[in-house]
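Subject: Structure handover

Hello,

Here is the structure for you to look over. My notes follow below it.

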Amino acid sequence: MIHKSLFNTGMEAEVQKKYADMLNLSHPVSRKHPPMSIADRAAQFAPFAALTGHGAAIRETARLTDTKIELDESLQSVLDKQLQELRKHVKKMPEVSFTYFLPDVQKNGGMYVTVTGKVKKIDEYENEIVLEDGTRIQIDDVLAIEQKV
């Protein structure tokens with residue numbers, strides 16, 4: 001490619017004559033090295049992130065978590081009765097929805113989730129409810145129990 005400033009100076013003919021042997025050659029292709037993909041070529045010019053992980057840290061800090069609700073005695077009593085009923089029928093593998101607190105693994109707090117499944121067992125030793133799909137729910141984290149009919 002001839003530089004634009006050469007057109008203005010009248011040197012175009014001189015440049016054409018000097019490089020005539022190369023001007024119409026095809027682009028060289030290496031036999032040893034395959035051509036670089038467009039994505040890899042573009043990555044060479046991507047902006048450099050001097051603070052690697054900084055964006056992820058900011059997003060993590062901004063992510064909101066809930067605090068665990070402390071149950072009053074009346075709600076705790078209702079849950080205890082529901083768990084007793086569930087223990088009586090656990091061999092039938094009833095389908096139940098549980099709303100429970102799931103602690104966050106990276107920061108204080110967590111979130112409340114609702115999961116529905118068949119109860120496989122209630123593990124008294126681990127103090128948890130085990131569903132057929134392998135989900136384990138800490139009994140102390142349960143906020144609500146709804147048995148499906």
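Phe-101 first. Leaving out residues up to four places away in sequence, Phe-101 touches Asp-66, Thr-67, Lys-68, Gly-109, Gly-110, Met-111, Tyr-112 and Asp-141. Keep in mind that this is a predicted model. Phe-101 sits in strand E1. Its relative accessibility is 5%. Buried means under 20%, so Phe-101 counts as buried. Leu-143 is 42 residues from Phe-101 in sequence, yet the C-alpha to C-alpha distance is 7.3 Å.

Next, the core. The largest nonpolar core has 17 residues. Those touching the most other members are Phe-98, Val-119, Ile-129, Ile-137 and Val-142. Five elements are listed as giving two or more residues to this core: helix H6 (73–88), strand E1 (95–103), strand E2 (110–123), strand E3 (128–131) and strand E5 (142–147). E2 supplies the largest share, 4 residues.

What does Ile-137 touch, not counting residues up to four places away in sequence? The contacts are Phe-98, Tyr-100, Val-115, Asn-127, Glu-128, Ile-129, Leu-131 and Val-142.

Last, the surface. Tyr-19, Met-22, Leu-23 and Leu-25 make up a nonpolar patch there. Together they have about 390 Å² of accessible area. One of them, Leu-23, belongs to helix H3 (residues 20–23). The relative accessible area of Leu-23 is 37%.

Best wishes

How values were computed: Residues are numbered from 1 along each chain as its sequence is written. This is a predicted model: local features need pLDDT of at least 70, side-chain atom pairs count only at pLDDT 80 or more; totals for chains, interfaces and linings use all residues. Side-chain values use heavy atoms; hydrogens and water are left out. A nonpolar core is a set of buried Ala, Val, Leu, Ile, Met, Phe, Trp, Tyr and Cys residues joined through side-chain atoms within 4.5 Å. Buried means under 20% relative accessible area, exposed over 50%, partly exposed in between (1.4 Å probe, protein chains only). Contact means heavy atoms within 4.5 Å. Patches are made of residues with over 30% relative accessible area and no salt bridge: like charges are joined within 9 Å, nonpolar side chains (Val, Leu, Ile, Met, Phe, Trp, Tyr) within 5 Å. Accessible areas come from the Shrake-Rupley method with a 1.4 Å probe; for residues, only the protein chains shown count as cover. A salt bridge is a side-chain nitrogen of Lys or Arg within 4 Å of a carboxyl oxygen of Asp or Glu.
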